[in-house]
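Open the model in your viewer and keep the sequence alongside; the stops below go from one selection to the next.

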Amino acid sequence: MTRELVIRRPQVGEYGSVRALIETVANETFKELFAPNPVPLKFKDEDWPLSWVAVSDEKIVGVILTNREWVDDLWVLHEQRRQGVGSRLLAQGEAEIVARGYRICHLRVVRSNAVAVQFYVSQGWQIAREFAHEKYHHPMLEMAKPFPQQSF
């Protein structure tokens, strides 16, 4: 049975669940980069009201956070991937960025995260440049997606 997926803002009581989801996915995805330590993450609770969450069967299964023209974070639980959660969240984030008046969206992704890079390419994103992470020095990609100027 297909479960309904709802994209919405998180409620105050769900901020801990959002934080836990990001920690889980980050540690699964990047455990080799930061072994033997957990992935260093810094959270600001004032950011959560600005995020969007994907909810399925009353459980938060994904989250996206944007800032100006940037997709800052996109995280989806491993067992929920390839089911449209990431695409729906990314579309929500892109729409939010365009609604702010930006015509090009940007994001950063770890170069070795080939699954994520391929996902973004499949969603119309292009690699703009490669660079070393400013603190951890691992290879990163900046990706961009232009949106045409709309005429009314």
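Is Glu79 buried, partly exposed or exposed? Glu79 counts as partly exposed, at 46% relative accessibility, where buried means under 20% relative accessible area, exposed over 50%, and partly exposed in between (1.4 Å probe, protein chains only). This is a predicted model, in which local features need pLDDT of at least 70 and side-chain atom pairs count only at pLDDT 80 or more, while totals for chains, interfaces and linings use all residues. Residues are numbered from 1 along each chain as its sequence is written, and side-chain values use heavy atoms, with hydrogens and water left out.

Now select Arg9 and Glu96, whose side chains form a salt bridge at 2.9 Å, N to O. Arg9 lies in the loop between E1 and H1 and Glu96 in helix H2 (residues 85–99), so the pair ties together parts 87 residues apart in sequence; helices (H or I, at least four residues) and strands (E, at least two) are DSSP runs, numbered from the N terminus. Glu96 is buried, with a relative accessible area of 13%, whereas Arg9 is partly exposed at 33%.

Finally, select strand E1 (residues 5–8), where Leu5 and Ile7 make up the covered face and Val6 and Arg8 the uncovered one.

How values were computed. A salt bridge is a side-chain nitrogen of Lys or Arg within 4 Å of a carboxyl oxygen of Asp or Glu.
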